[in-house]
Structure formats: structure tokens, C-alpha cells
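Hi there,

Here is the structure I promised to pass on. My notes on it follow below; please have a look when you get a moment.

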Amino acid sequence: MRIKPLQLTLLLGPSLVLTLLLLVLPLVVVALMSLTDWQFGAASWNWIGLGNYADLWHDTTFRKSFANTVYYLVVVSLGSIAIGLAVALLIESHDSWRGFYRTAFFMPVASTLIAMAVVWQFLMHPSVGFLNHVLGWFGVQPHNWLKDYDLALPALAAIGIWQMSGLALVMFLAGLKNIPAELRHASLLDGMRHPLDRLLRLTLPMLGPTMLFVVTVCGIRSLQVFDTVHALTQGGPNKSTEVLLHTIYAEGFGFFRMGYAAAMVVVFVGCIFVLTLVQQASMEKRTLH
């Protein structure tokens, strides 16, 4: 049955209106705001064109937060993907307690990160923290993890890996379920009896689409880090843990420079858009081949 234009409009109209109102229109407003010098609460503003973007180029705080965000993105994405894949393979190879392990590893994803940040703050306490207590058994001196310039960002990245590896685990488990059992049996008949051989020549190639999706999701969620930074370090010490979203928050709601913060938002959305395009292009390339 052929759908008439009027019927198609009635079917797609509500979703298109919601998309325009909730996604497109706010992005347009933010993009226009980034071209002004508007400050929150000010009665007037001026068009300054690309002035905010030129200031971003010379802003050491923005460059530092951008570099920290890239570091966090790479470390957390790689760490969570590696741990999630390893645990997924272990769970899939054993039938017992599979549901329990899946639930236990996914709990950090479903938990309130602010509440868990308080727990991590206690665990990393320089004097009474459990982490320093355990490391003391091996002769390691106590560290003030969240106040050390060199250790604060890696500490936050470790928390991010803990929080995100459960999400990667669940997605990898779903991908492993989609590998036909016939291929596993055929690989044994073809002589791939070593687990590492089957992993490299069968499992990982079949997990290609899932891997691309996990990389994209973990990358985008890593770019969105804010809660742990705001709750634990406030971007310190000395901007060592400053990330893009926290810088946007500070500029917009701390210094009330909404136009300048809007320019940062445009850059932030652009980074997410690029990651999405890379994922889509990779999926299309894999489909064509």
C-alpha cells in the first residue's frame, strides 16, 4: 500500500516538530549566542562574530581543558573497552553465575555517580583511605591522589574506567551472543583449537560492528565527564583536571560569560559530531566490504 504525502506528514510531523524544538532549535540558539558577547543577566549584547572562537584559541585554560578531555577520552575508552571485553569473554566461557556477574559489573553504570564519587573520595583519602592502606602493605607511600598535580587526572580516569567498563561489558556480551555457534564448531574443525587463535581469527572479527559501537558510546560518554570532576576536584589542582564541560559550566554560570561558554559548547558538540561521523563511516565501510 502506497502512503500518501498527507499521511506521511501526519506520521512524521510530531517527531519532526519535537526534533526541531528539542535538538535543532537549541543548537541554533547556542551557535548564534556564540557570536555575541552576552553575559548572563545583561540587558544588552553585541555581535562580535568569531571573536569568542579567536579568544578560545589563545585561552590557556581552554587548551588545558581540551587536552585533559582528550587524555580522559583515550584512557577511559581504551581501559573500559579492554576490561569490558576481557570480562565478557570470561563470563561467556562459563555458564555458572553469568547473571550475577553481568548485574554486578553493570551496577556502576546504573548507580548515581555523585554518590559514588563521595565513596571514591573516601577510598582515596590521603590518611584513612582504603587505597593507601592497601598500597602500604607493599611499601608504597601514601598519596593525596586528588590533590596531586600529576595523579589527580589519572585517578579520575580510573574512576571513569570503573564506571564505564560495565556498559562495555553488557554490549560485548550482546555481541558475543550474536556469533553463530556453527562458526565456533567450524573453527574447531579448521584447526583453531587454541583460545587465542579463535579470539584473533574469529571472535574479534565477528565483534567488529559491536566494537565500533562500543568505541563510539564510550568516547561520547568520556567527553561528557563532569560529575566526578565537579564533585572531587573542581578542576584542580592548578587546572590539572579541568575538562571541557566543567570549563563551560564555570564560564557560563561562574563568570556569567554566556557567549564565550556557548562557543565552547559549539566546539564540544562538534567533537561529538566528528566521533559519530567516524563511527558511521566505519560501519558503512565494513558493510560494503
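First, a word on the terms: axes are lines fitted to C-alpha atoms, for helices over the stretch in contact, and angles run from 0 to 180 degrees between N-to-C directions. Helices are DSSP runs (H or I, at least four residues), numbered from the N terminus. Please keep in mind that this is a predicted model, in which local features need pLDDT of at least 70, side-chain atom pairs count only at pLDDT 80 or more, and totals for chains, interfaces and linings use all residues. Residues are numbered from 1 along each chain as its sequence is written, and side-chain values use heavy atoms, with hydrogens and water left out.

**Helix packing**

Helix α2 (residues 51-58) and helix α3 (residues 60-92) have axes that come within 5 Å and cross at roughly 70°. That angle makes α2 roughly perpendicular to α3 (65 to 115 degrees; under 35 counts as roughly parallel, over 145 as roughly antiparallel and the rest as oblique). On the α2 side the contact (heavy atoms within 4.5 Å) is made by L56, W57 and H58, and on the α3 side by T60, F62 and R63. Sorted by class, this contact has 3 nonpolar, 2 polar and 1 charged residues. Here Ala, Val, Leu, Ile, Met, Phe, Trp, Tyr, Cys and Pro count as nonpolar, Asp, Glu, Lys and Arg as charged, and the others, Gly among them, as polar.

α3 also packs with helix α7 (residues 152-177), at an angle of about 40° and with the axes 6 Å apart. The two helices, α3 and α7, are therefore oblique to each other. In the contact of α3 with α7 there are 22 nonpolar, 6 polar and 2 charged residues.

**A salt bridge**

How many salt bridges does the count come to? The count comes to 1, taking a salt bridge as a side-chain nitrogen of Lys or Arg within 4 Å of a carboxyl oxygen of Asp or Glu. The side chains of R257 and E251 form a salt bridge, at 3.4 Å from N to O. E251 is buried, at 8% relative accessible area, whereas R257 is partly exposed at 33% (buried means under 20%, exposed over 50% and partly exposed in between, with a 1.4 Å probe and protein chains only).

**L275**

L275 sits in helix α13 (residues 258-288) and is partly exposed, with a relative accessible area of 27%. Beyond its neighbours within four places in sequence, L275 touches T216, G219, I220 and L223. F172 lies 103 residues from L275 along the chain, and their C-alpha atoms are separated by 20 Å.

Best wishes
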